[in-house]
Amino acid sequence: MQEVFGRDISAIFNPRPLVLIGVCDQDKTCNFTTIVWLTPLSHNPPLLGFSLRKQSKSYKILEEHPLCSLSLFDDEGAQTFAECGLKSGNKIDKTHVLPYRLETINEQAVPIPEAAISLAIVEVYERIDCGDHVLHLCKTHKAYSKEVIEDNKLISTHPLLCIQSKRYTQAHAGFEVE
């Protein structure tokens, strides 16, 4: 084995799901950001955690407006992820990239991408500084999925995954181990 450094340390744990974060400010101006650092923290209550760079526009909006959407897409969403993840919302308007609707929770608008195969609407309740990123701990308000449910279990079969920066694949139906 060879030693790895920097970004390659996190790449050891790839592939990870590509997630699109949608946020809105008080004027209902929205932004979308791509992340690959998301993890379930608890089933009951349903808690999620994700990490964002401090310089991102979405991070700045979340400081004031803690609700956001976390969406998964299939392979048809690859171009959306590229546009939202490789370009800064501080420099361009990303809302033209995909159709979305607004949902209101606690008088705050949250953008819901129409092409998402699964999504959660979450509220940030705590932030932890982690170097060049900030970990956001979130409680889930609502969650939806277009994926298959078998034996009362959600079978997520097709989300887009990140292999390494700018390299993606699609998850396929897995197998069960008994």
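**View 1. Contacts and surface across the whole chain.** Residues 24 or more positions apart supply 59% of the chain's contacts that have a separation of 6 or more, a contact being heavy atoms within 4.5 Å. This is a predicted model, in which local features need pLDDT of at least 70 and side-chain atom pairs count only at pLDDT 80 or more, while totals for chains, interfaces and linings use all residues. Residues are numbered from 1 along each chain as its sequence is written, and side-chain values use heavy atoms, with hydrogens and water left out. You will find three helices and 14 strands here (DSSP runs numbered from the N terminus: helices are H or I, at least four residues; strands are E, at least two). Of the 178 residues, 43% count as buried (under 20% relative accessible area, 1.4 Å probe, protein chains only).

View 2. Leu20 sits in strand 2, residues 19–24. Leu20 counts as buried because its relative accessibility is 0%. Thr80 is 60 residues from Leu20 in sequence, yet their C-alpha atoms are 9.0 Å apart in space.

**View 3. The lining of the second largest pocket.** Here 24 residues line the second largest pocket, and Leu48, Leu72, Ser118, Ala120 and Leu154 lie nearest its centre (on a 1 Å grid over the protein atoms alone, a pocket is an open set of points where a 1.4 Å probe fits, with protein on both sides within 12 Å along at least five of seven lines; lining residues have an atom within 4 Å of a point). Among the elements giving two or more residues to this lining are strand 5 (47–53) and strand 9 (118–130). Strand 10 gives the largest share, four residues.

Terms used:
Buried < 20%, exposed > 50% of the residue type's maximum accessible area, 1.4 Å probe, protein only.
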